[in-house]
Amino acid sequence: MKKLLLFLLAVILAASLGSLLQSLFNLTAISQLAGPISMADWLATILHDLMHFMPVLAAIFFPILLVSLVVSGVLTRWLSLSRIAGSFAIAALGTWIALTLINAFAPMPTLIALNRSVVGTVLLLCCCGIAAIFYRFFTAERRLS
Amino acid sequence: MTRFIALWCMGFSLFLSAGATANAFKVDALTTDLENPWGMAFLPDGRILVTEKSGYLLTLSAKGERQSRSLAKLPNIFTASQGGLLDIALAPDFAQSNQLFLSYACGDINANSTCLASATFNNGELNDVQSLFHAKPDRRGAAHYGGRIALLPDNTLLLTLGDGFDYREQAQNKANHLGKIVRLTLTGDVPTDNPLVNEAGTAAEIFTYGHRNVQGIVYDEVSGNIYSHEHGPKGGDELNLLQAGNNYGWPVATFGIDYTGARVSPFTTFAGMQAPLHVWTPSIAPAGMTLYRGELFPEWQGNIFVSALAGKALHRLALQDNQVIKEEVLLQERDTRIRDVRTGPDGAIYLLTDGARGQLLRLTPHS
């Protein structure tokens with residue numbers, strides 16, 4: 001039960017980070033076209049994205065994190081790798097594969113706006129990577145290496 | 001109280017004059033085996049040319065009987081997803097020259113764009129194909145090509161373009177063609193009176209900018225107005241009154257949000273950017289447009305008809321002083337995506353339904 005709760009928290013963490021980054025990137029792009037954006041608009045956009053975009057991102061990240069945590073759990077044991085580094089890397093790789101598949105099958109070239117740039121994509125991968133570390137850290141029995 | 005009654009009477013009379021006409025027409029399916037039809041044009045002898053996205057050009061009799069179907073051999077045509085053969089328009093002197101214009105996606109999946117070509121049409125075949133315009137820069141993916149053509153009375157044409165989906169911020173960059181409507185001469189050159197032609201660092205072909213994906217444009221000979229509509233993202237489809245050189249806002253000013261729910265911009269309007277005449281939220285996915293000046297439906301004179309893909313309907317908009325005063329949604333019962341709508345030379349309204357088994361429909365009065 002604790003692991004399930006931590007897993008769900010990890011998904012929400014990844015999606016919330018992704019949502020915040022999406023707001024940051026979108027509004028930065030708009031401000032480059034339209035000039036400074038008021039704090040009220042920043043906050044309203046962040047809130048909007050947390051309410052409307054974050055759940056979508058959570059639905060995308062849920063299976064990615066589930067599979068990547070299982071895979072990283074097995075691989076890090078077999079190969080005696082660092083659980084933190086291994087979990088981060090495999091979650092990031094899993095996210096990249098999933099985004100590539102989504103974009104290949106979605107009607108639009110790139111579903112998630114943040115995924116349009118290399119920097120944005122790397123940051124999205126990091127969101128899942130950080131969530132994987134979060135899960136490993138709080139489920140570990142102080143055996144982190 | 002008197003003022004209220006007078007206003008109510010005025011509003012009611014406008015409603016009546018706008019012509020609420022449900023069931024005032026019949027729908028005939030003239031052709032039922034079109035493969036992803038996209039655009040159509042009427043020949044002077046009444047025959048109908050229909051483009052199919054896969055690259056074929058069909059010639060149909062006025063009754064919809066198929067006379068020919070030939071592959072349009074357009075330079076570097078790219079057929080994938082939203083790309084392929086798009087719109088068709090006859091040259092003003094078609095009766096003498098047999099010249100027509102075709103818009104299409106060109107390139108490959110990694111580098112493609114919207115292109116315009118001219119050709120001569122003889123016996124169902126295209127000849128003398130000449131490339132007139134290639135929107136720059138090329139982009140990755142296969143989405144948002146725009147592609148509608150409108151001929152203007154000064155022997156120029158407007159070609160609508162899209163932002164390429166992934167490049168929405170470029171709609172505000174006047175140095176390129178992404179998210180623009182361009183105005184060209186009939187030979188593909190830049191008219192010397194284009195609005196930004198003397199502005200350094202801009203693409204001289206630009207007529208208007210700040211568009212997302214424009215798939216409907218019409219020039220009204222009576223008023224001289226040019227209307228366009230464009231797909232918003234999730235919500236925020238727009239009807240616009242085009243004026244040379246104006247900025248139509250995308251992606252800074254929009255009523256839509258991303259498909260994922262993320263906000264594109266905090267602004268629905270913005271200083272220096274033209275607000276739309278009408279907005280559709282949720283999106284109807286407008287894909288074709290005509291402004292009715294035919295004789296079969298006198299009550300629809302000057303109305304704009306918009307065909308909708310996601311909305312699966314035909315929208316009739318009554319305008320007064322460039323304000324939409326009434327909207328009627330027609331053909332919802334058919335539950336069919338409608339790709340294009342045109343006024344025929346006989347005054348009937350012609351529709352192309354979308355999909356692998358697209359239809360050519362004709363609307364005429366019941367009587």
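Start by selecting Cys128(A): this residue is buried at 0% relative accessibility, where buried means under 20% relative accessible area, exposed over 50% and partly exposed in between, with a 1.4 Å probe and protein chains only. The model is predicted, so local features need pLDDT of at least 70 and side-chain atom pairs pLDDT 80 or more, while totals for chains, interfaces and linings use all residues. Side-chain values use heavy atoms, without hydrogens and water, residues are numbered from 1 along each chain as its sequence is written, and chains are lettered from A and ligands numbered from 1 in written order.

Now show the sulfur of Cys128(A): the closest cysteine sulfur, in Cys127(A), is 7.1 Å away, too far for a bond. Next, click Cys126(A), which is partly exposed at 24%; its sulfur lies 7.2 Å from that of Cys127(A), also too far for a bond.

Move to chain B and select Cys106(B) and Cys115(B), whose sulfur atoms are 2.0 Å apart in a disulfide (a pair of cysteine sulfur atoms within 2.5 Å). The link is right-handed, with 70 degrees about the S-S bond. Cys106(B) is buried at 1%, and Cys115(B) at 3%.

Back in chain A, select residues 54–78, helix H3 (helices are DSSP runs of H or I, at least four residues, numbered from the N terminus). Zoom in on Phe61(A), where H3(A) has a kink of about 30 degrees shortly before Pro63(A); the bend is the angle between axes fitted to the seven residues ending there and the seven starting there. Phe61(A) is also among the buried residues of H3(A), which include Leu57(A) and Ile64(A). Finish at Ser80(A), which follows H3(A) and has a positive phi near 50 degrees.

Key. Helices (H or I, at least four residues) and strands (E, at least two) are DSSP runs, numbered from the N terminus. The expected span of a helix is 1.5 Å times one less than its number of residues.
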